[in-house]
Amino acid sequence: MGLSRPSLAVHPFRATWYQVPWWRWAVRAVVAVVAAIAVLTVVTFCQVWWVGREDHRPTSDTLVVLGASQYNGRPSAVFAARLDHALELYRQGVAPNVITIGGKQPGDRYTEAEAGAAYLRRRGIPADRVIVIPEGSDTLGSLTAVAGVMNTRHWRSTVLVTDPWHSLRSRTMARDLGLDAATSPVTRGPAVHGVDMKVRYIIREGIGYRWYQLFQRASPPSATTRAV
């Protein structure tokens, strides 16, 4: 008979598997942590992508348009895409009111909320149907202000209008604030064009989402831009 080859299989239930130097346990622990982080990262990015594909338009009390950059009262291309989508939902009867949100940067003459409201009014939404909330320097701060206004008006349900990759984080924040929130992301605009742009947004939003879950804060500074 020939010599048998030694088995290369790992048997974690054998006593000898546990009888190893401490540094091997350290290596195993590091490998396990790295693997867990890698799996969690992939799951997070998949969640951001999946929710960004969902378009829910239930009849609601109001639409909320997440703010983005504006230039002297003129919405940026990213912001205009969100406003156009909200206008479409309003005309479809999804909600009888629209809330525009967002503050301003030092030196700006207009807030994002004011620029967005003016844009919608020029396109036919009655002024008394557009509520301006010029507060908050980030998504969480703005949605906190929205929750306060909605509570005073006894509104509970809302459809959030933002970019696809921003949907998961904004919806999670809104629901944590007690709102019955759905998301209807834009399908046009810079945020949805080009693979490189999509990947960049998904990575940034994945980081922001987990940061919020861990610390209940909007996002780390490195993951924040005025586009969202």
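Rings of Phe, Tyr and Trp, the last taken by its six-membered ring, are said to pair if their centres lie within 6.5 Å. In this predicted model, a search of the whole structure by that rule finds 2 aromatic pairs.

One of them is formed by Trp49 and Trp50, whose rings are 6.1 Å apart from centre to centre, with 55 degrees between the planes, an arrangement that is tilted. Trp49 has a relative accessibility of 39% and therefore counts as partly exposed, and Trp50, at 46% relative accessibility, counts as partly exposed as well.

The other pair joins Trp211 and Phe215, and because the planes of these rings stand at 55 degrees, with the centres 4.7 Å apart, this pair is tilted; planes count as stacked under 30 degrees and as edge-to-face over 60, and the rest are tilted. Both Trp211 and Phe215 belong to helix H7, which covers residues 195–215, and they are 4 residues apart, about one turn of the helix. Trp211 counts as partly exposed, because its relative accessibility is 26%, and Phe215 is likewise partly exposed, with a relative accessibility of 47%.

Note on methods. Residues numbered from 1 in each chain as written. Predicted model: local features only at pLDDT ≥ 70, side-chain atom pairs only at ≥ 80, totals over all residues. Heavy atoms only, no water. Buried < 20%, exposed > 50% of the residue type's maximum accessible area, 1.4 Å probe, protein only. Helix = DSSP H or I, 4+ residues; strand = E, 2+ residues; numbered from the N terminus.
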